[in-house]
Amino acid sequence: AEEEKDVLSNEMVETKAKLNEYKVLAESRQAETSKLLEEIESLRAKMECLDSESKAAIKTELDEYRTRADEYKSVAESRQEAMSKLLEEIGSLKAKMDNLATESNATNAQLNEYKALAES
């Protein structure tokens, strides 16, 4: 029973570490995504500010900005999708951790019963 308790305890520690790892990764990706979305909006605002004469003179530059904005948007959406998957996995790991805690409590209760029987 002690060995089973140790195994459950180790699994719980590993699950918590993995959960924290995913949380940090998800937060990092969220920050990157926000940064990319801000840059997209900034680029679009710059394009709207150009007067009609300037637009004709720098059409090539605008096309590059549009291409970059589309690429950033695609990257941001891809990262958002990955973050959603990470958050799902975090939820799954949390449920697993809760199950391990329940199992650990049951094992502790059983261990205490055995100790009480051994002492009596």
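**Figure 1. Burial and overall form of the predicted protein chain.** Buried residues make up 20% of the 120 residues in the protein chain, where buried means under 20% relative accessible area, exposed means over 50%, and partly exposed lies in between (1.4 Å probe, protein chains only). This is a predicted model, in which local features need pLDDT of at least 70 and side-chain atom pairs count only at pLDDT 80 or more, while totals for chains, interfaces and linings use all residues. Residues are numbered from 1 along each chain as its sequence is written, and side-chain values use heavy atoms, with hydrogens and water left out. The secondary structure comes to three helices and zero strands, the elements running α-α-α from the N terminus on; helices (H or I, at least four residues) and strands (E, at least two) are DSSP runs, numbered from the N terminus. The radius of gyration of the protein chain is 27 Å, well over the 14 Å that the globule rule gives for 120 residues, so the chain is more spread out than a compact globule; this radius is taken over C-alpha atoms, and the rule is 2.2 Å times the number of residues to the power 0.38. Along the principal axes, the C-alpha atoms fill a box of roughly 95 × 15 × 15 Å. The protein chain exposes about 8700 Å², of which carbon and sulfur atoms supply 50%, the areas coming from the Shrake-Rupley method with a 1.4 Å probe and, for residues, with only the protein chains shown counting as cover.

Figure 2. Helix 1 covers residues 2-49, and its 48 residues should span 70 Å at 1.5 Å a residue, which agrees with the 70 Å between its end C-alpha atoms; the expected span is 1.5 Å times one less than the number of residues. An α-helix has 3.6 residues a turn, so residues three or four places apart point the same way. Thr33, which lies in helix 1, is buried with a relative accessible area of 2%. Leaving aside neighbours within four places in sequence, Thr33 is in contact (heavy atoms within 4.5 Å) with Ala76, Arg79 and Gln80.

Figure 3. A nonpolar core is a set of buried Ala, Val, Leu, Ile, Met, Phe, Trp, Tyr and Cys residues joined through side-chain atoms within 4.5 Å. The largest one has 11 residues in all, among them Leu8, Met12, Leu19, Met83, Leu86, Ile90 and Leu100. Helix 1 and helix 3 each supply at least two residues of this core, and helix 3 gives the most, with six residues. Leu86, in helix 3 (residues 59-119), counts as buried at 8% relative accessibility, and, with neighbours within four places in sequence left aside, Leu86 is in contact with Tyr22, Leu25, Ala26 and Arg29. The C-alpha atoms of Leu86 and Leu25 are separated by 8.3 Å, although these residues are 61 residues apart along the chain. Ile90 touches Leu19, Tyr22 and Lys23, not counting residues up to four places away in sequence. Apart from this core lies another, of six residues, among them Leu43, Met47, Tyr65 and Ala69.

Figure 4. Side chains of opposite charge can pair when their charged atoms come close. A salt bridge is counted where a side-chain nitrogen of Lys or Arg lies within 4 Å of a carboxyl oxygen of Asp or Glu, and by this rule the count comes to six. One of them joins the side chains of Arg79 and Glu32 (2.8 Å, N to O); Arg79 lies in helix 3 and Glu32 in helix 1, so the pair ties together parts that are 47 residues apart in sequence. Arg79 counts as partly exposed at 28% relative accessibility, and Glu32 likewise counts as partly exposed, at 33%. Arg44 forms a salt bridge with Asp70, the closest N and O atoms being 4.0 Å apart; because Arg44 lies in helix 1 and Asp70 in helix 3, this pair ties together parts that are 26 residues apart in sequence.

Figure 5. Lys59, Asp63 and Arg66 are linked in a network of salt bridges. Asp63 forms a salt bridge with Lys59, their closest N and O atoms being 3.1 Å apart, and both residues lie in helix 3, four residues apart, about one turn of the helix. At 30% relative accessibility, Asp63 counts as partly exposed.
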